[in-house]
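Subject: Structure handover

Hello,

Here is the structure for you to look through. My notes on it follow.

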Amino acid sequence: MAEMGSKGVTAGKIASNVQKKLTRAQEKVLQKLGKADETKDEQFEQCVQNFNKQLTEGTRLQKDLRTYLASVKAMHEASKKLNECLQEVYEPDWPGRDEANKIAENNDLLWLDYHQKLVDQALLTMDTYLGQFPDIKSRIAKRGRKLVDYDSARHHYESLQTAKKKDEAKIAKAEEELIKAQKVFEEMNVDLQEELPSLWNSRVGFYVNTFQSIAGLEENFHKEMSKLNESLNDVLVSLEKQHGSNTFTVKAQPRKKTKLLSRLLRKKNSDNAPAKGNKSPSPPPDGSPAATPEIRVNHEPEPPSSATAGASLPKSPSQPAEASEVAGGTQPAAGAQEPGETAASEAASSSLPAVVVETFSATVNGTVEGGSGAGRLDMPPGFMFKVQAQHDYVATDTDELQLKAGDVVLVIPFQNPEEQDEGWLMGVKESDWNQHKELEKCRGVFPENFTERVQ
């Protein structure tokens with residue numbers, strides 16, 4: 001029984017709603033045909049027009065704001081990738097790398113903060129503002145239906161009153177329905193008459209707050225971004241000043257200070273040591289080191305004599321006796337292989353640097369790379385090859401050469417091979433040698449990777 005009662009109520013409501021729809025449709029048709037008058041409120045109609053306009057403008061603003069936020073996010077991603085590219089191309093040995101990386105991190109954080117504040121202060125406010133429109137729009141539509149019900153009830157009441165045969169019961173019922181419909185309509189109409197003008201006027205303050213927020217956030221964002229860009233520009237200007245020639249400094253291999261100190265101490269001790277009692281000849285006038293005697297090639301053999309035999313070059317600790325005898329002028333015939341030659345080569349290779357052994361072997365065989373021995377008479381003693389500076393090098397110690405790009409350096413062996421640091425050569429600039437012809441004043445060490453061999 002309860003289910004039937006429930007179903008009966010539901011069926012009754014459905015029937016009532018269907019009847020209302022039919023009555024409204026019939027009333028609208030009569031109004032359009034001009035057979036029934038329509039209650040109009042021009043002031044309310046103006047409010048409805050304003051409401052629709054306000055809703056259209058707000059919806060467009062919301063759409064454009066979302067597009068703006070999407071653009072900000074896209075710019076953030078593009079800026080992030082651009083900074084990542086800068087970090088990848090910025091080589092580790094360039095100055096300002098850490099500063100550039102820090103600027104990129106702050107740039108990313110600034111974009112994130114700007115986007116989030118736009119969402120909080122503009123988009124969410126926009127959503128709240130537009131959130132009230134659907135309910136009001138629904139109430140406006142309902143008011144329109146209640147107005148049709150009121151007009152229909154009014155017309156029905158009027159028709160019963162003007163009928164030739166009056167039915168007082170029907171007239172009373174029609175009057176009761178008219179009063180009820182009028183009351184419902186007027187309640188909704190009064191509420192909307194108050195809300196719509198207020199909502200229309202609120203648009204001014206909303207637009208002001210929204211665009212002020214956007215403008216303020218964008219202004220602060222660009223101020224902070226300008227500071228970051230200025231800092232990045234300073235870093236790049238500094239990089240340009242240090243590398244204005246578009247060539248980047250090649251760093252020399254670090255010298256071992258222990259070897260450098262040892263070399264300076266040996267040099268000082270050798271300068272202060274008293275002359276020995278042997279009859280070794282004094283160093284050559286050109287200042288070549290005694291530990292690496294000048295190697296000359298005798299193209300014409302001289303007859304041996306006791307004087308010349310006794311006047312052979314002295315034996316140094318780093319040069320075996322066989323090598324001194326060969327250097328003194330005992331030259332085997334071309335194509336012949338002497339036992340002493342093999343011994344001399346092996347001994348020299350064990351006590352001299354590789355470049356010295358190479359030069360020594362070439363001299364013993366009567367030939368010199370790049371020309372004959374006669375063509376090397378104007379070169380420093382022990383000259384091996386020429387190099388040209390490819391980059392500027394600023395000397396950091398008194399025994400180092402100051403180089404400019406383009407300088408030609410004549411490479412010579414170290415006095416003591418053990419003092420040679422990896423990646424460093426001994427030499428004298430060609431211009432200094434041509435001017436002074438003194439090794440002691442001109443020679444010095446320099447980083448090999450700053451130069452390129454030319455001869």
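The 35 residues of helix α3 should span 51 Å at 1.5 Å a residue, and its end C-alpha atoms lie 50 Å apart, which agrees. The expected span is 1.5 Å times one less than the number of residues. Helices (H or I, at least four residues) and strands (E, at least two) are DSSP runs, numbered from the N terminus. α3 bends by about 35° at valine 119. A bend is the angle between axes fitted to the seven residues ending at a residue and the seven starting there.

This is a predicted model: local features need pLDDT of at least 70, side-chain atom pairs count only at pLDDT 80 or more, and totals for chains, interfaces and linings use all residues. Residues are numbered from 1 along each chain as its sequence is written, and side-chain values use heavy atoms, with hydrogens and water left out.

Helix α5 has 75 residues. From first C-alpha to last, α5 reaches 109 Å, close to the expected 111 Å. α5 bends by about 25° at arginine 203.

α3 (residues 97–131) and α5 (residues 168–242) pack at about 175°, with axes 10 Å apart. Axes are lines fitted to C-alpha atoms, for helices over the stretch in contact, and angles run from 0 to 180 degrees between N-to-C directions. The two helices are therefore roughly antiparallel (over 145 degrees).

Next, the sheet. Five strands form an open, antiparallel sheet in the order β4-β3-β2-β1-β5. Strands pair if DSSP finds at least two bridges between them. β4 (444–447) and β5 (451–453) stand at the edges with a single partner each, so one side of each has no neighbour in the sheet. β1 (residues 385–389) and β2 (residues 408–412) pair over four bridges. Glutamine 388 stands opposite valine 408 in β2.

Finally, the whole structure holds twelve salt bridges (a side-chain nitrogen of Lys or Arg within 4 Å of a carboxyl oxygen of Asp or Glu). Arginine 154 forms one with aspartate 151, the closest N and O atoms being 3.1 Å apart. Both sit in helix α4 (residues 133–162), three residues apart, which means about one helical turn between them.

Best wishes

Definitions and conventions: Parallel < 35°, antiparallel > 145°, perpendicular 65-115°, else oblique.
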